[in-house]
Amino acid sequence: MTPDTPAPAASDGLTTCHASCHCGAVKITAELPRGLASASRCNCSFCIRRGAAAVTARTASLTTLKGAENLSLYTWGSHTAKHYFCKTCGIYVYHQRRSDPAECGVNLGCIDGGTPRQHAETYGEIPWHDGVNHPSDQ
């Protein structure tokens, strides 16, 4: 992320974002159907520890531009959710969702020109989803 990189358009429409880990070894691009307005947090046992807000992207649109070999995959339980981290700096970059594998969550803090603080100033508080009581666990 660079200071002169503009944030993705603050709209409720389709937005293409570019994101990277902290060290820059991994870079991705993805389409966000609802733009940055889709940011949310999850309270499942994993996400509550990870702590990052994520925006919704289409899985089919997510492309690794750099560093695919530097991504580490973490799964557990049903192994439906797939969480990807940079092997070098450890930053969570994105995950394929358990609730809808056609969607990914992209770490809001990794998006070029976007930050959780800027998001709050534009959209308000980031909402939480109940991952503790996931429908697949019922």
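Reader: How much space lies in the second largest pocket?
Author: About 170 Å³ of space lies in the second largest pocket. Keep in mind that this is a predicted model, where local features need pLDDT of at least 70 and side-chain atom pairs count only at pLDDT 80 or more, while totals for chains, interfaces and linings use all residues. Residues are numbered from 1 along each chain as its sequence is written, and side-chain values use heavy atoms, with hydrogens and water left out.

Reader: What counts as a pocket, and how is a volume defined?
Author: On a 1 Å grid over the protein atoms alone, a pocket is an open set of points where a 1.4 Å probe fits, with protein on both sides within 12 Å along at least five of seven lines; lining residues have an atom within 4 Å of a point. Grid points are joined across faces, edges and corners, and the volume is the space filled by probe spheres set on the points.

Reader: Which residues are closest to the centre of the second largest pocket?
Author: Ser 20, Cys 21, His 22, Gly 109 and Cys 110, out of the 10 residues that line this pocket.

Reader: And how does the lining divide into nonpolar, polar and charged?
Author: Five are nonpolar, five are polar and no residue is charged.

Reader: OK, strands now. What's the order in the open sheet of three strands?
Author: S1-S2-S5, with antiparallel pairing. Strands here are DSSP runs of E, at least two residues, numbered from the N terminus, and two strands pair if DSSP finds at least two bridges between them.

Reader: Which strands stand at the edges there?
Author: S1 (15–20) and S5 (63–66) do; each has a single partner strand, so one side of each is left without a neighbour in the sheet. The twist averages 25° from one strand to the next, using axes that are lines fitted to C-alpha atoms, with angles from 0 to 180 degrees between N-to-C directions.

Reader: How many bridges hold S2 and S5?
Author: Three, in the antiparallel sense, with S2 covering residues 27–32. Lys 27 has Lys 66 in S5 as its bridge partner.

Reader: What about the open sheet of five strands, what's its order?
Author: That one goes S4-S9-S8-S7-S6, again with antiparallel pairing. S4 and S6 are the edge strands, each pairing on one side only. On average, neighbouring strands of this sheet are turned by 25° against each other, direction ignored.

Reader: Is S7 mostly covered or mostly open?
Author: Mostly covered: of the five residues in S7 (residues 82–86), four are buried. Buried means under 20% relative accessible area, exposed over 50%, and partly exposed in between (1.4 Å probe, protein chains only).

Reader: What does S7 pair with?
Author: Four bridges join S7 to S6 (residues 71–74), and four join S7 to S8 (residues 92–96); both pairings are antiparallel. On the S8 side, Lys 82 goes with Gln 96 and His 83 with His 95. The S7–S8 hairpin has five residues between the strands, and Gly 90 takes a positive phi near 80° there.

Reader: Which residue other than glycine has a positive phi?
Author: His 79 has one, near 60°. His 79 lies in the loop between S6 and S7 and is partly exposed, with a relative accessible area of 44%. For context, most residues other than glycine have a negative phi.

Reader: Switching topic: how many salt bridges does the structure hold?
Author: Two, a salt bridge being a side-chain nitrogen of Lys or Arg within 4 Å of a carboxyl oxygen of Asp or Glu. Glu 31 pairs with Arg 58, the closest N and O atoms being 3.1 Å apart. That pair links distant parts of the chain, with Glu 31 in S2 and Arg 58 in S4 (residues 54–58), 27 residues apart. Glu 31 is partly exposed at 27% relative accessibility, and Arg 58 is partly exposed at 38%.

Reader: And what does Arg 97 form a salt bridge with?
Author: Glu 103, with the closest N and O atoms 3.2 Å apart. Arg 97 is buried at 12% relative accessible area, whereas Glu 103 is partly exposed at 23%.

Technical notes:
Nonpolar A, V, L, I, M, F, W, Y, C, P; charged D, E, K, R; others polar.
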